[in-house]
Amino acid sequence: MFEKRLYCHMDWGLLAAVLALCIIGVSQIYSATGGWTEIVETQVYGILLGLIALTVCLTVDYRTLADKSHFIYLAIIVALIYVTLFGAVQGGARRWIDFGAFNVQPSEFVKLALALMLAKFVGDHRARVLSRLDLVVIAVFTAVPLIIIGRQPDLGSAMLLIPVAFTVAFAAGMPMRLLGVLTLLGLLAAPVVWQFALQDYQQERISTFLDPSQDARGAGYQQIQARISVGSGGLLGQGFTEGTQGQLRFLPVAHNDFIFSVLAEEQGFAGVIVALGLYLFVILRALESARLAKDRLGAYLVLGVLASFTPQVIYNIMMSAGLAPVKGLTLPLMSYGGSSMIATLAGFGLMLNVRIRRFTN
Amino acid sequence: MTALKIAVVVAFGALALSFWSLQVAQHERYLEMAESNHQRTRTVRASRGVLFDRNGQVLVENRRSFNVSIVREHTRDLERTVSLLASISGADPAQMLDTVQRHLNEPVYQPIVVIEDASLAQVTAIMARRLDFELPDVLVEEFQTRQYPGQPLAAHLFGYVGQASAEQVANGASSGAIVGQSGVERAYNELLMGQDGERHVVVNSMGREIRTLDEVPPVDGHRVQLTIDYDLQKATEDGFKHAGFNGAALIMNPSSGEVLSFVSLPGYDPNGFASGIDHDTWASLNSNELQPLQNRAIQGRYAPGSTFKLVVATAALEEGLVDPEHTVNCDGGASFFGRYYRCGLAGGHGAVDMRHAIEKSCNVYFYRLGNMLGVDKIHEWSEKLGLVGLTGIDLPNEQESIVPSTKWKRETTGERWYPGETISVSIGQGQVSLTPVSMAVMISTIANGGTRVTPHVIRAVDEGGGWKMAAPPIISGRVALLPETLSVLHDGLWMAVNAEGTASRARITGRDVAGKTGTAQVVSNEGRQAALRRGSEVRSHGWFVFFAPQENPQIAGVIFGEHNEHGYLGAEVARHVIETYFAKQEHRGLPALEVAPVPNVAPTRDSESVLFVDGLPTEDTVPMTGTF
């Protein structure tokens, strides 16, 4: 199945950059958790499993995977419903399936399944413009997992499905006018969503973001501490395992949501530039594979995967500098989290898959 | 596709700029915030100096104790913390909340002490509550607390310590510092307190200390030796307990002014103040009508009764008005200015000279001397003997003793002096109002032949290089008493104890104790019924002043019995003290005194009926103008 020809077209630069980010992540988790802990170990296993997933997603032709996308999509939806009903509760949200030895968070895999599903759906399309019905179908495919995840509740992950749908639909020829109308509708709906759809803690996080000092011990505390961590890092940082904010636990969930703050504190602006550069490189290289893709399916698939990866990276980095409201969104490739790591690396497997098969039939 | 690339590049460029702004442009500011996050300055308390008695016995020391504080910086819900902490420790939540409210203007990281000197059980219960999770804002700190003798002893002498008051902070004490609030603790606070140190520490987000950055070690307070003799102090207090009345006593070396024993009763337990007193105890101490917080030895002022006759005798002899052989015929009373003043002995003493007048405490004899002297001469000689104003003892808040004069009366009341008032004054009633400490100075002056010593309680200080004797206070004054004056006074005082006098209860074979009793009315005869109806205490105060031995006295002092009715009851206390003193001098076993296990409180007013059974041999009668 694996051909030498494909091996030659492999994007080694992208893979190296991805691995570099994983290693930076592990080292900062090591620092934030105080040494070689179980958490670091889990993360390393996550990366290894992720690399296996990457290899699998790379080896099987993406077109074959796309043909099976409706099965994958359905399986994930079932898993999501299972989680919502019987899942393990952590941090107030029902997100995990407990397998005893390890937990799996199906919502991490929804992004991939949705990207695959939508790419397949619009990739098969012959028309230059999407019909109204097509758009409704896309909306339904997106809305089903979005609503389920939103009720876990995991609003952050749920929202990340929206750019996936929009990017694929837009690339496939959704009229710009419609995009404008939907944006307007979204703005008008915002107060209603605020009132009825958001939970208390979510409202609190957003209002605290607008004025962190109003709640310096609660939600605003994390934001202030994140900003202090980043700011105190300076140009060259406090040094590995020397950051007081992370080491002395002023920074909450430092190894997870705020791993980038730890990096900024200990490695300074220099470290931040390196990490930002790596992420930018990864995204640009991936976009390049979308351009090079042999077929529309491949291009849509790459865009669909990137459409959740990129906003998540940008949002988390903003949050870790106290520039965005605190949301339980991790930083892909760096934050602690096995499911997220496996899903992200699998996503890169898909994107690399499109690239190496750009000359095949 | 290019548009997407540009969008991503712009977004990352914006991120890089934001991080530049935070990390480089505003670095200083955030670095400072990070430091104030995790660096704290903690006070390291200096150990307070230990107090020793004159023989090196420890009187007041320090012990380990625990304070429980709330650090508001880590408080999420103050009421929850308080109610949880109160239920664990069994403290009063309302009071705890009140304590926190009083410190609200302090920095949030400053621990607010809510349980002072927590018991070990409380500390264990609190520590068991996983402080990091359930009570992240609760801090248990170990420190040193004052340890006073378990059985309250010399409470008013030692005084107590407490957190610096607002006034003390204004005068330079640091906020929250433990400073002496009364007694020796206050008088010698500077020596005892030492200098608190500082520790610069790194704390984690829960406020727990991680490591020390640097430390300025505390300078411990100096050790201080008092002139007090523990055994004598105990003997005096035991004497009072045995006798069953309250009052005050001051025993000293008559030639140096070194105080050997300092008593004010009822006492209190200074351990209750050592780390802060609870509201209830404080309120009950303050509202107690026996006023246990009053230091009677230096703050209580009482009419001296017949002990004052020594002053009148001295004045008359020194002024040359009479000679010792001057004899007065006492037939039980005498009339002055149209009023009849009675003597203590209903039938009269017959013909008495001055020695016998002192021995028997004949009022008529001293009425006549007083009348001859006039109040101003009495005032003058009172001052020379140490009875006017302050004695200058090295303890805080001494009250001035008062012996009236024509000038004094004009200045205080604007009225002129009536010669009749002098008659009452000459037996120590009327406006004469003296502190026990001034009485101790007076009897010492008579004992040592005219040197007015300044009583003091500090003997030596160890400032780190071993004991150094404290400089003795300056002599307050000297009056060269005529030898014959001294001989008459010493004879009369010896006879009062050893012949047919009023103070035979102080007699110790071979010790030649010299002493004089006094009983002072607290209300006039006319006022007595009214006072009784009011429910006031009307029983007389009893005094006993003494020195021993008569030749070259080594020990002198005063026993004041509050409402104990008879001066001679104090003589018994004095005898136990003197016996203890000589036993120690001669390295014999200390004399035992059976202390009845009765609480040391004044009898209730139910015993009125007993109070006024006349015929008990009081040595003094009731002067017409006796008031207090």
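Trainee: In which handedness of crossing does helix 5 of chain A pass helix 6 of chain A?
Mentor: The model is predicted. In it, the axes of helix 5 (residues 69-86) and helix 6 (residues 107-123) of chain A come within 9 Å. Helix 5 of chain A passes helix 6 of chain A in a crossing that is left-handed.

Trainee: How are helix 5 of chain A and helix 6 of chain A oriented to each other?
Mentor: Their axes cross at roughly 150 degrees. Angles over 145 degrees count as roughly antiparallel. Helix 5 and helix 6 of chain A are therefore roughly antiparallel.

Trainee: How many residues of the contact of helix 5 with helix 6 of chain A are nonpolar?
Mentor: Helix 5 of chain A brings residues including A:Ile72, A:Tyr73 and A:Ile76, and helix 6 of chain A brings others, among them A:Phe109, A:Leu116 and A:Lys120. By class, the contact has one charged residue, three polar and, as asked, nine nonpolar.

Trainee: Which helix of chain B gives the most to the side that touches chain A?
Mentor: The contact takes 31 residues from chain A and 29 residues from chain B. On the chain B side, helix 1 (2-25) and helix 2 (27-38) each give two or more residues. With 14 residues, the one that gives the most is helix 1 of chain B.

How values were computed: Residues are numbered from 1 along each chain as its sequence is written. Chains are lettered from A and ligands numbered from 1 in the order in which they are written. This is a predicted model: local features need pLDDT of at least 70, side-chain atom pairs count only at pLDDT 80 or more; totals for chains, interfaces and linings use all residues. Two residues are in contact if their C-beta atoms, placed from the backbone, lie within 7 Å. Helices (H or I, at least four residues) and strands (E, at least two) are DSSP runs, numbered from the N terminus. Axes are lines fitted to C-alpha atoms, for helices over the stretch in contact, and angles run from 0 to 180 degrees between N-to-C directions. Angles under 35 degrees count as roughly parallel, over 145 as roughly antiparallel, 65 to 115 as roughly perpendicular and the rest as oblique. A crossing is left-handed if the near helix is turned anticlockwise from the far one by less than a right angle, and right-handed if clockwise. Ala, Val, Leu, Ile, Met, Phe, Trp, Tyr, Cys and Pro count as nonpolar, Asp, Glu, Lys and Arg as charged, and the others, Gly among them, as polar.
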